[in-house]
Amino acid sequence: MFDIERWEEIFEAISKNKLRTFLTGLSVGSGIFILIILLGIGNGMKNGIQSKFEEDSASLIVLWTQATSMEYKGLNANRNIDYTLDDFNYAKKRYKNHVAEATLRYRRWGALTTYKKESGSYAMVGAMPDMLGIENASLNAGRFISEDDLKNNAKVTCIGHQIATDLFKNYEKAIGEYIQANGIQFKVIGVYSDPGGERDNTKLFIPHTTMSQIYNTKENVGQLFFTLTPESTFDETNEKSEKFLSQYKTYLRKKHNVHPDDLKAIQSHSSLDEAKKFIILNRMMSLFFWGIGILTLIAGIVGVSNIMLIIVKERTKEIGIRKALGAQPKSIIAMILHESIFITTISGFIGLFLSLLLLQFAGPQIKSEFILNPSVNFGVAVTTVVLLIISGAIAGYLPARHASKIKPIIALRDE
Amino acid sequence: MIEIKDLHKSYQMGSNSLHVLKGIDFNVQEGELVSIMGSSGSGKSTLLNIIGILDEADKGTYTLDNTIIKNLSEKVAAEYRNKFLGFIFQSFNLINYKNAIDNVALPLYYQGVNRKERNEKALHYLEKVGLADWATHLPNELSGGQKQRVAIARALASDPKVLLADEPTGALDTKTSYEVMELIQNINDEGKTILIVTHEPDIAQMTKRIVDLKDGLIINDTYIEPVIAKAHV
């Protein structure tokens with residue numbers, strides 16, 4: 001490889017015809033350029049989708065119940081089941097290393113709420129402290145429900161800012177005031193706002209324990225909400241979420257005497273399912289981009305191969321002379337291959353460099369919901385470099401073999 | 001040095017077979033200066049190609065410096081050409097983007113000689129042909145006679161057993177031809193075996209032995225007293 005003589009030979013041959021070398025390089029350089037830009041855009045789309053899903057609690061899992069659809073152990077179909085506090089605590093304990101946030105939710109719609117002369121009808125929701133995070137809501141004033149509130153069955157509520165506006169005009173005045181909801185007096189401890197919209201801002205969150213005490217719903221805790229701690233990759237997070245769901249649902253079916261094949265009774269939703277669709281779509285796009293890029297590169301390689309063949313043809317006489325002087329076939333092959341690899345590698349690097357430069361400077365300028373920070377990582381850059389060297393070798397091989405088979409007697413025949 | 005027995009060679013021209021060499025018996029001793037003459041189509045170039053291991057005979061034996069040349073792989077053929085033979089062509093066949101000294105050094109490159117030694121040797125041979133001052137010139141800056149002398153220096157560079165010259169004066173005027181022949185005679189005087197293919201009788205007269213070829217057979221093989229080229233320059 002490090003043979004000064006051969007390098008000299010190559011530089012001589014290249015400098016002999018600069019235009020031809022330039023055109024040869026252009027085909028590979030632009031191939032790599034297109035490949036890298038496409039991969040960068042693919043990556044940008046991936047980043048865009050990821051950032052969109054990061055906004056919601058990405059790995060939110062919700063479980064609720066419906067009537068059973070199959071007979072089991074002598075129990076009729078169409079039987080109603082309800083989750084209990086034990087079900088919830090089981091999951092929290094069993095998966096305590098994986099569960100990031102957990103809450104129950106028990107809702108009652110249309111709770112008539114009054115403060116002095118103002119009134120409105122809102123949803124009353126029994127929840128736990130983690131609910132705030134799971135709803136992606138933030139506090140405008142005061143605090144959310146605490147563990148102590150749960151323990152003490154405190155009659156306190158954190159209200160949506162829409163309710164605060166309706167009842168108090170100015171939400172800052174709401175803290176510490178008492179409101180009547182369904183005839184029960186609650187102390188307002190906080191005002192939250194939810195980015196979801198008006199409907200999400202018309203809820204009265206009260207401690208779950210208070211809710212079940214008021215409505216005597218000890219045997220029905222409502223829906224179960226969990227978020228799981230994220231793993232380093234989407235696939236791992238997704239796998240963990242799916243494993244959690246399938247194990248937990250199996251447990252719930254057994255516990256509530258639901259037929260193992262009854263898919264209706266235990267219902268669930270995972271926010272990762274949505275993300276998964278986009279991720280799969282994105283992977284297809286990535287694959288597609290790789291495909292197009294590689295095909296472009298192949299077109300470049302064919303171009304190089306073609307031009308190398310012409311070079312061999314032009315240098316037939318020279319190769320004949322070299323062979324007459326004692327050049328062995330392998331030295332001729334090495335000479336042509338070396339030149340081909342050299343040209344593809346150098347021009348490829350230029351294409352790589354220009355495309356990285358473009359991504360570096362133009363990338364952050366792209367203001368689109370779907371493309372964020374298009375870039376390629378180091379691994380991809382290394383892969384393309386390897387691709388380049390391989391493609392140089394492929395491009396040069398056929399012409400080189402052709403050159404090595406030139407018979408000096410024919411090459412040297414005087415015209 | 002060269003022993004050839006009953007050598008046959010034919011070429012396939014479409015559906016016809018062209019029998020070019022029809023049984024050549026031919027020996028050359030070390031230090032001889034031989035010219036092979038014949039009209040075009042007599043088979044003289046084919047014979048030279050076979051002697052030069054650029055082509056292979058169909059039948060017969062060829063021994064070069066006690067080495068039987070038969071069924072050689074490309075690799076071994078290249079090795080033998082490099083070790084045993086130096087070529088001089090009618091059209092010089094210098095590599096036009098390499099300067100004189102690099103052209104002369106090329107056979108040494110293929111022998112694996114290192115750069116310093118290669119350039120020393122190449123310069124030595126350029127001196128020998130009187131072109132040391134032109135070492136860094138490209139072939140297109142040289143006259144025909146100078147080019148041929150560079151080619152001769154290149155042929156000598158690997159110190160071969162035999163020099164093979166195919167119409168070495170074919171592209172040169174008479175005066176330059178004689179100058180080249182003078183150089184060849186001098187090299188021969190130093191003991192190098194030289195074979196020249198030519199169709200010019202005056203050139204043949206400057207060798208020590210003339211072999212006449214006609215229709216693929218040797219019809220005449222005579223030793224002569226060579227005309228000294230120097231006297232005609």
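User: Which residue just after helix 8 of chain A takes a positive phi?

Analyst: Just after helix 8 of chain A, A:Asn257 has a positive phi of about 55 degrees; helices here are DSSP runs (H or I, at least four residues), numbered from the N terminus, and strands are E runs of at least two. This is a predicted model, in which local features need pLDDT of at least 70, side-chain atom pairs count only at pLDDT 80 or more, and totals for chains, interfaces and linings use all residues. Residues are numbered from 1 along each chain as its sequence is written, while chains are lettered from A and ligands numbered from 1 in the order in which they are written.

User: Which residues of helix 8 of chain A are buried, and which exposed residues lie on the face turned away?

Analyst: An α-helix has 3.6 residues a turn, so residues three or four places apart point the same way. In helix 8 of chain A, the buried residues (20 or more other C-beta atoms within 10 Å of their own, C-beta atoms being placed from the backbone; exposed means 12 or fewer, partly exposed in between) are A:Ser241, A:Phe244, A:Tyr248, A:Leu252 and A:Arg253. They cover an arc of only 150 degrees around the axis, taken from the directions from the helix axis to the C-beta atoms, which puts them on the same side of helix 8 of chain A. The face turned away from that buried side carries the exposed A:Asp235, A:Glu236, A:Ser246 and A:Lys254.

User: Against what do the buried residues of helix 8 of chain A pack?

Analyst: With contact meaning C-beta atoms, placed from the backbone, within 7 Å, their partners in chain A are strand 1 (60-65), helix 3 (85-94), strand 9 (223-228), strand 10 (266-270) and helix 9 (271-314).

How values were computed. Contact = placed C-beta atoms within 7 Å.
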